[in-house]
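This is a walk through one protein model, taken a few residues at a time. Please keep the sequence and the structure at hand while reading.

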Amino acid sequence: CLNYHIKKCNAPCEGHISKVEYRKMINEIMDVLSGKDKTLLNQLKEEMQIASMKLEFKKAASLRDKIIAIENIAEKQKVFKSQDNDEDFINLYKDEKDCCVQVFFLRDGKVTGREHFMISNSADEDDKTIISQFIISFYGGTPKVPKNVYIPEECEDIEALEEFLTVKRGTKVYIKIPQKGEKKDMMELVKNNAKVTLDQFKDKILREKEINRICLEEIQHLLDLDSLPLRIEAYDISNIQGVDSIGSMVVF
């Protein structure tokens, strides 16, 4: 495998790396992606130092490149310095019909993940209502509740929501509305991401509709139909020498 020979893969499929070494590598990747890179970097720097002392310069150079790569990833992940290490930022964007709610997960001042949720036909819904319902729905279905949840504006039932999240987490949870500074900027970033995500979603839907229309027109032409086939049924029957018959139907 070329990737193995140019040192881009450890070739687990060929058994060139042990299960223990492979698990160690995966754990390192998980640490980097979850923002826990400091411990890993310290460990790699220590290994690099040992390799240099043993005159294993090729190994030391490889470890150096690894350290630089991880530091570059960590720098891109970094958003702002924060005293809190467990925060979620929630914001939304609405167009004339639909809405996208976006959540950024920050741990130790870094974005470690994000999720988005589309809400159809919600243009007439109040933003506060959407956020309140989203908090109940989203955190009601996950065991991971942060210490601080940031939302774009005050909700009428904010105390009840805090109590709900506190019960889920087991310790006090605060719902906050950033007014200025880096946290306010973060809320704008989340909103902008929600807009981009909604626009991309709409573009994808339009492309799929266009592809479907072209396919249906081709079927209409091939089958010499008077109009577009808006409902298509397909059947399949299976049996064993005429007995134990089973049928299935798929509808487009």
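Arg 213 has a relative accessibility of 33%, so Arg 213 counts as partly exposed. The model in which this value was computed is a predicted one. Arg 213 has a partner: its side chain and that of Glu 217 meet in a salt bridge, with 2.6 Å from N to O. Glu 217 is likewise partly exposed, at a relative accessible area of 36%. Both residues belong to helix H7, and because they are four residues apart there, about one helical turn separates them. Side chains of opposite charge can pair when their charged atoms come close.

How many salt bridges does a search of the whole structure find? The search gives 13. One of these pairs is Glu 87 with Lys 183, whose closest N and O atoms are 3.7 Å apart. Glu 87 is part of strand S1, which covers residues 87–94, and Lys 183 is part of helix H7, so this pair ties together parts that lie 96 residues apart in sequence. Glu 87 counts as buried, because its relative accessibility is 0%.

Another salt bridge joins the side chains of Glu 162 and Lys 172, at 3.9 Å from N to O. Glu 162 sits in helix H6 (residues 158–169), while Lys 172 is in the loop between H6 and strand S5 (174–176), so the parts tied together here are ten residues apart in sequence.

Polar contacts come next. Helix H7 also holds Asn 193, which counts as buried at 17% relative accessibility. Which side chain does that of Asn 193 contact? The side chain of Arg 114 is joined to it by a polar contact of 2.5 Å. A second case is Thr 142, found in the loop between H5 and strand S4 (148–150). Thr 142 is buried too, with a relative accessible area of 17%. Its side chain reaches a backbone atom, the nitrogen of Lys 144, at 3.2 Å.

The last stop is the surface. Where does negative charge gather? A patch of negative charge is formed there by Asp 124, Glu 125, Asp 126, Glu 153, Glu 156 and Asp 157. Among them, Glu 125 has its place in the loop between strand S3 (110–119) and helix H5 (127–140). Glu 125 is partly exposed, its relative accessible area being 38%.

Leu 225 lies in the loop between helix H7 (181–222) and strand S6 (233–240). With a relative accessibility of 34%, Leu 225 counts as partly exposed.

Note on methods: Residues are numbered from 1 along each chain as its sequence is written. This is a predicted model: local features need pLDDT of at least 70, side-chain atom pairs count only at pLDDT 80 or more; totals for chains, interfaces and linings use all residues. Side-chain values use heavy atoms; hydrogens and water are left out. Patches are made of residues with over 30% relative accessible area and no salt bridge: like charges are joined within 9 Å, nonpolar side chains (Val, Leu, Ile, Met, Phe, Trp, Tyr) within 5 Å. Accessible areas come from the Shrake-Rupley method with a 1.4 Å probe; for residues, only the protein chains shown count as cover. A salt bridge is a side-chain nitrogen of Lys or Arg within 4 Å of a carboxyl oxygen of Asp or Glu. Lys and Arg count as positive and Asp and Glu as negative; His and the chain ends are not counted. The place of a charge is taken as NZ of Lys, CZ of Arg, CG of Asp or CD of Glu. Helices (H or I, at least four residues) and strands (E, at least two) are DSSP runs, numbered from the N terminus. Buried means under 20% relative accessible area, exposed over 50%, partly exposed in between (1.4 Å probe, protein chains only). A polar contact is a pair of N or O atoms within 3.5 Å; within protein, one must be able to donate a hydrogen and the other to accept it, and residues adjacent in sequence count only if both atoms are side-chain atoms.
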